[in-house]
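Me: I have a structure open and want to learn how to read it. Can we go through it feature by feature?

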Amino acid sequence: MTAVASTAPIARRRFGFDVSKPVLLLFALVLCALIVMPVSWLLYYAFTDKAGVFTISNFNRLVSDAAYLDPLLTTFALATLSALICCAVAAPMGWLVARTDMPLRRTVRLLVTASFVTPPFLGAIAWELLAAPNSGLLNQLYRELTGAEQDVHLLNIYSFTGLVFVISCYTFPYVFVLVANALDRTPGDLEDASAILGGKAWDTARRITIPLALPAVLAGALVAFLQAMTLFGSPAILAMPAGFHTMTTKIWSLFQFPPKPELAAAASLPLLVLTVILLRAEHMVLGRRGYSVVGGKNSEPRIVRLGHYRWVMLAAAMIVLMCPVFLPYFALLNASFSKVASHLVWVNNFTLQNVHFVFYELSATQLALRNTFILGTLAATGGTILALVIAYVTARQAVAGHRILGFLATAPVAIPGIVLGVGLFFTYTRPPFVLYGTLWILLIAFVTLSMPAAYQQLQSAFRAVHPELEDASRILGATRLRSLWQITAPLLRTSVIATWCFIFVGVIRELSAAIMLFTSETKVLSVLIYDLNESGDLAAIAVLGLLMLVITFAIVALANSLRLGGSRRVDPTR
Amino acid sequence: MKGSKFSRRGLLIGSGALAAGSAFSTRVMSAAPPASAVTPALIEAAKKEGKVVWYTSVDLKLSEQIGKAFEAKYPGVSCKVERTGAERVLQRITQEYSANVHAVDVVNSSDASLLVYWKEQGMLEPYVPEDVAKFYPPEHKDVDGTYASFRVFLCVIAYNTDLVKKEEAPKSFADLLDPKWKGKIVKAHPGYSGTIVTATYQVSRDLGWHFFEKLAQQNILQVQSAADPPKKLALGERAIQADGVEYLILQEKESGKPVEPVYATEGTPLIVGPNGLFKAAPNPNAARLFQSFSFSPECQQLCIDIGGLRSAHPQAKDKAGRTPLSQIKLMKDDPAAVLKTAEEIKARYVKIFHV
């Protein structure tokens, strides 16, 4: 996620005036504006008092007041536990999918993708429907089965454990993807060697496979920790009813009247610093992995035959996937068409009233849908172009200082959404750039937040295309831009489409920055759902949530179909 | 944001000093403009603007229905409802105005003190609809004509009749502290809800803060909006609501859900939700039209009949089967005092309930 290494230096010839220079400089400036400005304002607010004089009193207040210290500790415990659970669940699953003959492996991967794109706040609301102590569907089922008293419950989602569980549900895909990909790529010869030398299956696993996968697991743990730490939606929905705050909800509450921006800025900094530290750690861990898989010829990964256990394993995987996918989706579907969200839909209480309300009575629906689509399209297009240019510059080392560009493009990884929201709020509510109240400020937030992933994706795509084709084009007299357009662009088509879709889906599910930056005219779908949650309109949320999921899956399906179509066209050039 | 270090209390002290000098003149010679009727010219001008933006804390379904009724009466003018808790409405308007974003036309708040605050900030436009001038009693309209009581309702205790028998149901605030209700109470938050700020002020004034300190021991389910507890009761998620809006309890009850309001023996907090017009309204004519519509007997009756609200309009009739206000022991509302103490109330609440 963070590696900003460059490819081996390639001899480049530079002659004459090249229009690409000013273009590249412009992109560098844009990137600076996106990242440097909000962070600077954040620092300014954190270290000044109301009169603008330097002070550290904001931090003193943070560490001395239990109202701020408790959320910090809670967040730390929450993130640690979530990371551990994610690893315990996702690492074995990643191995099952990558290295065994478990049936339906593709389906399992697909379902993990589904939980990956499900907005965490939507998952949290769905789990309210499932596991609220009294009205939760699962608790009702439990009482039905055991004949227990009215107040007895199996699960209580309004609790610290409940929150850890829901966060883990939507964070484990990060670990899963890292582990599965690492195992996909790890050649099987070392394991083969172990087996040939008489190693039993368990010995091979213990001494070869696990050490090889360990860096990916550790990196996954760090990513999961970061995700859990910076998440806003799930804690806002589940922690407040349970009577505690996390750092993100605390920062948000500091903007309630009367606003305390300087405290919010100060409270944002620990998140920022911790993220930077953890990302450095992840970088070191991932760096090590590079050594472990180098060497040996590339052979197919070795598949472990599970025998009869393969069905047991499949069942286990499916049970895990019940939590982020099957059960929540079912709960949302049920609530959409039920007169009472806590009752199962049956003939006597089936209703289309909720759907009608959302589409015909709720005046914010159309606006939020339109804004979400506009922002998704613009952010995906702008973000892809920006990432494309920067990835090109760094992968081909086209200008001096390309490393800085690469660093800037990756830097937003270290900025939690809500922190960026706070920073952007400071930056764009004052002259010369008053963008608050327009879609532009949200666009900036979404482009910034999506930049690291988009950049990584496209940079690796550039690395996969050897520069000799571009060189040939330039030798024949084409400018850099022309050779980019005619040679490189067609080769990168599939990656570009994938990146575009990735950003679009990311925009749909973004809440933590949007919640700081929206106004009534610039409301998006995620914020609308959050608003509805505060007044307990669960049925309307269920309908909107399903709509959100349908749009998301349509985009993902589109990306997949285009990618398959595109790859055939790309092949002959290899 | 440097210029927007607000303190409602500080502001009141400042304006109080100002008022002391001119109190007499304001009281005697009201600055309210003459009553304005809905003229064809106004309707035409509103149609040109095409829409009105109403920031409100009325429960979403009802506020959208009011908007739809307005659109039906004045085709060509759409009503955009921006619903959130009154304290969030305040937060949004503050943030928007600090960045010079003027999106709101008409505001409605269940925290009546906010209207006093905005008026003192000079943000409200004086405008007196005909109905307000002719029919509304003096205690339900601003002397300077900037706002009037759009809605009147109560913040009630209530219970789920499937989960609690009538004879066992709490009759008073004191009953809520019975250990048997531990883990069974849902309660809304004054940091979000104007109803709850107002009610918390009245209850803490009449019963003392130790009531809330003890209530915090009851392991309550803390939700945000005062519109949420009635929904949690209807779902069966909790047996009792410590506070929440009466009008949704009435709505749920009349649609057959197992909920029942309780009018506490100590008295029930009275909530007044005024409507006011912003000077910087982007659609000033549509705003006037909407303001006039909202105080009409027609709209007030709608609020009563399908909304479960109560009305300050003498021509609006109570719905049969509901306990009339005259038979309920009420706590006294006091927006000026809420304005002075709102920050303190919220801070103290957060200390006691930890969120």
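Me: Which residue is the bridge partner of Leu154(B) in S12(B)?
Reply: First, the general idea. Strands of a sheet pair through backbone hydrogen bonds, either parallel or antiparallel. Strands here are DSSP runs (E, at least two residues), and helices are runs of H or I, at least four residues, numbered from the N terminus. Two strands pair if DSSP finds at least two bridges between them. In this predicted model, local features need pLDDT of at least 70, side-chain atom pairs count only at pLDDT 80 or more, and totals for chains, interfaces and linings use all residues. Residues are numbered from 1 along each chain as its sequence is written, while chains are lettered from A and ligands numbered from 1 in the order in which they are written. Now the case: Leu154(B) has Leu270(B) as its bridge partner in S12(B). Seven bridges pair S6(B) with strand S12 (residues 270–277) of chain B, in the antiparallel sense.

Me: Is strand S6 of chain B largely enclosed or open?
Reply: Count neighbours. A residue is buried if 20 or more other C-beta atoms, placed from the backbone, lie within 10 Å of its own, exposed if 12 or fewer, and partly exposed in between. In S6 (residues 147–154) of chain B, eight of the eight residues are buried, so the strand is largely enclosed by the rest of the structure.

Me: In what order do the five strands of the open sheet in chain B come?
Reply: Read across the sheet: S9-S8-S10-S7-S11, with mixed pairing. Strand S9 (221–222) and strand S11 (259–262) of chain B are at the edges with a single partner strand each, so one side of each has no neighbour in the sheet. Strand S7 (residues 157–160) of chain B runs antiparallel to S11(B), joined by four bridges. There, Ile157(B) is opposite Val262(B).

Me: How is chain B divided into domains?
Reply: Domain bounds come from an automatic or database domain assignment. Chain B has domain 1 (34–152 + 271–318) and domain 2 (154–270 + 340–353). Their C-alpha centres lie 27 Å apart. Two residues are in contact if their C-beta atoms, placed from the backbone, lie within 7 Å. By that test, 17 residues of domain 1 of chain B touch 22 residues of domain 2 of chain B. Helix H4 (86–98), helix H5 (112–120) and S12 of chain B each supply at least two residues of the domain 1 side.
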